[in-house]
Amino acid sequence: MKADERDIKESIDILETVAKKFESGEYVWGKGNYRNSEGKMCMMGAIYFESRARESNGADRFDSTNLKVEATDILWKTFRETKPKNGLSLTGITLTMWNDDPSRRKRDVIRLLRKAVKDAKATQA
């Protein structure tokens, strides 16, 4: 397997793991910070944290920067293709702004992460 294919598969797994950890409460979802003093993490913070953890567990196999960028690219593609229920345009909205929106709920974040995993796995097949 080529290195970039390995990174894509690992990045998909990162998104899936983050969704599971938010769902189980192992990661506590929050807004406004990558990770605050209470341990709450926004979606992007959790992706970063999970990417770094994998680099620490296999430093010769993975580069957390590559994994974080690839996972974010996968997530962004799904986000961009998702039509908001309110009909507003997503132009100019970042993933961080979306996460931090006052109306955003943990279930919305988990739903986006799971859809990104599903979409990415479909393109890998």
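Tyr27 is buried, with a relative accessible area of 6%; buried means under 20% relative accessible area, exposed over 50%, and partly exposed in between (1.4 Å probe, protein chains only). The model is predicted, and local features need pLDDT of at least 70, side-chain atom pairs count only at pLDDT 80 or more, while totals for chains, interfaces and linings use all residues. Residues are numbered from 1 along each chain as its sequence is written, and side-chain values use heavy atoms, with hydrogens and water left out.

**Aromatic pairs**

- The whole structure holds 5 aromatic pairs, counted where ring centres of Phe, Tyr and Trp (its six-membered ring) lie within 6.5 Å; planes under 30 degrees apart are stacked, over 60 edge-to-face, and the rest tilted.
- The rings of Tyr27 and Phe49 are edge-to-face, because their centres are 5.7 Å apart and their planes stand at 75 degrees.
- Tyr27 lies in the loop between H1 and strand E1 (28-29) and Phe49 in helix H2, so this pair ties together parts 22 residues apart in sequence.
- Helices (H or I, at least four residues) and strands (E, at least two) are DSSP runs, numbered from the N terminus.
- Phe49 is partly exposed, at 33% relative accessibility.
- Phe22, Tyr27 and Phe49 are linked into a cluster by ring pairs.
- Arg35 lies over the face of Phe49, at 4.4 Å from the ring centre; the rule asks for NZ of Lys or CZ of Arg within 6 Å of the ring centre and within 35 degrees of the ring normal.

**Nonpolar core**

- The largest nonpolar core has 28 residues, and Leu15, Val18, Phe22, Met43, Ile47, Leu75 and Leu113 touch the most other members.
- Two or more core residues come from each of helix H1 (3-24), helix H2 (43-57), helix H3 (64-81), helix H4 (95-100) and helix H5 (106-124).
- H5 gives the largest share, 7 residues.
- Such a core is a set of buried Ala, Val, Leu, Ile, Met, Phe, Trp, Tyr and Cys residues joined through side-chain atoms within 4.5 Å.

**Salt bridges**

- The count is 8 salt bridges, each a side-chain nitrogen of Lys or Arg within 4 Å of a carboxyl oxygen of Asp or Glu.
- Glu16 and Lys121 form a salt bridge (3.3 Å, N to O), which links helix H1 to helix H5 across 105 residues.
- Arg104 and Asp108 also form a salt bridge, with the closest N and O atoms 3.8 Å apart, and both residues are buried.
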